[in-house]
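Thanks for coming, everyone. Please bring the structure up on your screens, and I will walk you through it.

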Amino acid sequence: MQEKLTTIEEAISKISNGDVVALQTMATVASPMTLVRELIRQQKRELGLVVLVGGIPVDLLAAAGVINRLIGAAVTMEQFGLCQQYRQAVEQRRIRVEEISESVLNARLGAGARNLPFLPTRGAIGTDLMKENPDNMKLLDDPFGGLPVIACRALVPDVALIHAHRADRFGNIQYEPTALWPDMGIMPYAAKQVIVSVEEIVDTEVLRLNPDRTVLPGFMVDAVVEVPYGAHPTSFYPDYGYDSDFHRQWTSISRDNEKVKEFISRYVHSPANQQEYLEAIGGESVLNYIAKWEQAE
Amino acid sequence: MSLDWQNSPVTDDYSIEELLITVLADQFRNDDQATNGMGSFIPVAAFMLARKTHAPDLIWLAGTVGLEPRPERIPASTLEAPLWKDSIMYIEQYGDAWHLLFSSRWIEKFCVGAAQLDQYGNANNSIIGSDYHAPKVRLPGTAGLADLCSLGKKLYYWNLNHSSRSLVEKVDFISGAGYLEGGDARDKLGLANGPQLVVTNLAVMDFHPESKRMQLKSVHPGVTVEQVQDATGFELILPDGDVPETSKPTKAQVKLIREDIDPDEMRNK
């Protein structure tokens with residue numbers, strides 16, 4: 001089997017300026033945050049971002065000037081509020097939004113994954129989403145005589161960024177039983193390249209004990225990297241919950257561009273590796289706190 | 001259930017959030033199936049209250065992920081794992097969820113908020129302003145609302161800030177289809193059901209059966225019809241005769257909300 005294990009720097013160097021990057025994220029849930037910070041460290045530019053519902057990773061990428069377009073259903077940090085840097089960038093035309101609903105995103109990525117020109121949905125009929133996105137959504141008569149549907153054009157991202165629980169060095173990826181979003185079930189199948197960070201690299205024999213938990217086969221994964229707490233500050237169940245204090249720290253300064261620069265310098269550019277990042281965010285006490293998510297607020 | 005909720009008297013000791021929760025809880029029957037989205041502390045409290053009183057078998061799909069969960073209390077997020085504690089099943093978001101949601105047979109009721117709602121129940125969570133690509137305010141986006149509105153679901157809207165900015169004559173952007181231009185516009189596209197009720201901090205509204213315009217159903221205790229009309233960005237249809245008063249919560253309902261369902265007061269956030 002082909003070796004896929006590599007470094008964070010090497011994995012992210014596969015991404016070129018202008019690429020369309022599909023990112024695993026659901027508000028405050030499960031996002032490959034270490035990979036996202038590496039996009040900023042490597043000063044990627046003019047990336048397009050595909051998200052189901054983006055949260056803090058979208059805000060950080062917007063703040064650092066990495067993205068100039070977003071294809072997705074929503075961007076919000078739920079109880080922590082709107083992503084202000086993203087919002088400002090959209091209002092100032094620095095990011096162009098192609099808003100699509102969740103079923104349209106599933107259809108577009110599903111078509112991309114299956115090598116089809118489009119897949120239909122009946123969601124979003126009657127909304128203004130189609131009016132603002134005529135190149136990718138078209139009303140189509142049912143050839144079998146039923147009601148019209150929306151044809152959703154295939155979307156093939158250049159790369160998908162994923163975080164998962166464990167993998168072997170050949171890129172076979174396992175995920176623990178928890179909520180599974182399209183960014184695990186469809187997104188990587190649609191993308192040309194798949195880059196995965198995992199909490200731990202294990203021997204292939206460990207994966208064979210629970211093949212029902214393997215979600216991506218190694219042959220479709222281009223790079224895998226070991227990153228403990230690689231989703232922080234988003235949640236990664238059942239291992240850890242989201243970091244409320246970190247989200248609040250961000251939202252308390254995210255309208256102030258000078259403080260945003262300091263924040264990004266402190267948490268993105270200064271730490272030389274994941275270990276230094278984990279120390280910067282508060283070390284053991286914070287990691288112990290997020291591990292007890294069932295008791296946390 | 002030791003609490004005698006059926007014979008509990010109404011009370012004046014309630015907050016506006018608690019009134020919204022009890023009004024919404026009344027909309028869910030024992031044989032219903034309902035789901036919630038993000039930031040939905042009021043809807044989640046309503047489902048949990050209905051389940052603890054008149055609708056113990058109400059099927060609740062928490063955050064469209066966790067089926068029949070048993071959270072001890074409402075956690076700080078309605079879209080994270082603590083909400084779907086002890087679920088019977090996790091519904092996969094790229095497969096099972098849409099098999100259920102696309103069908104007209106399952107998960108018929110959805111309770112949600114909108115930044116703007118217009119006289120025909122069209123919802124906007126996308127932008128404020130006239131230029132879509134340089135909006136005055138970029139809102140979160142439609143998420144799954146556009147889908148659920150067009151898939152024959154019954155929508156129950158809640159709004160704690162009844163004003164001419166949130167209840168507008170025409171939404172700046174249709175993120176979720178209501179009755180569109182009214183009348184049979186929705187039917188013509190083959191869209192079943194649609195908005196049923198709008199519950200705000202001032203009143204309860206529904207939709208006229210023919211014109212599909214929003215009409216006043218009841219005003220909350222202490223609120224006048226004039227106050228409601230003044231705070232609304234379009235003319236509400238008024239019922240014939242006196243406008244009824246919204247039923248106050250019962251003591252048992254308030255006690256359940258405060259002590260069992262939401263002791264951490266997420267409903268006030």
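Let me start with a question: how many residues apart in helix α4 of chain A are A:R87 and A:E91? They are 4 residues apart, so about one helical turn separates them. Helices here are DSSP runs of H or I with at least four residues, strands are runs of E with at least two, and both are numbered from the N terminus.

Before going on, the ground rules. This is a predicted model, where local features need pLDDT of at least 70, side-chain atom pairs count only at pLDDT 80 or more, and totals for chains, interfaces and linings use all residues. Residues are numbered from 1 along each chain as its sequence is written, chains are lettered from A and ligands numbered from 1 in the order in which they are written, and side-chain values use heavy atoms, with hydrogens and water left out.

Back to our pair. A:R87 and A:E91 form a salt bridge, with the closest N and O atoms 2.7 Å apart. By salt bridge I mean a side-chain nitrogen of Lys or Arg within 4 Å of a carboxyl oxygen of Asp or Glu. A:R87 is buried, at 17% relative accessible area. A:E91 is partly exposed, at 21%. The cut-offs: buried is under 20% relative accessible area, exposed is over 50%, partly exposed is in between, with a 1.4 Å probe and protein chains only.

Next pair. A:E98 bridges to A:R108, closest N and O atoms 2.6 Å apart. A:E98 sits in strand β4 of chain A and A:R108 in helix α5 of chain A, so the pair ties together parts 10 residues apart in sequence. Buried or exposed, A:E98 and A:R108? Both are buried.

Now helix α8 of chain A, residues 204-208. A:R208 and A:E205 both lie there, 3 residues apart, about one turn. Their side chains meet in a salt bridge at 3.8 Å, N to O. A:R208 is exposed, with 56% relative accessible area.

Over all chains, the count is 26 salt bridges. In chain B, one network links B:D13, B:E18, B:R258, B:D262 and B:R267.

On to the interface. How many residues does each chain give to the contact? Chain A gives 51 and chain B gives 45, where contact means heavy atoms within 4.5 Å. The buried area between the two chains is about 4100 Å², and carbon and sulfur atoms give 60% of that. Buried area is the accessible area (1.4 Å probe) that two parts lose on being put together, summed over both. In chain A, A:E78, A:E99 and A:E132 lose the most area to chain B, together 14% of what that side buries.

Between chain A and chain B there are 2 salt bridges. B:D131 and A:R93 meet in a salt bridge at 2.7 Å, N to O.

Last stop, a sheet in chain B. It is open, with 3 strands in the order β7-β6-β11 and mixed pairing. Strands pair if DSSP finds at least two bridges between them. β7 (123-124) and β11 (167-168) stand at the edges with a single partner strand each, so one side of each lacks a neighbour in the sheet. β6, residues 116-118, pairs with β11 in the parallel sense over 2 bridges. B:D118 has B:V168 in β11 as its bridge partner.
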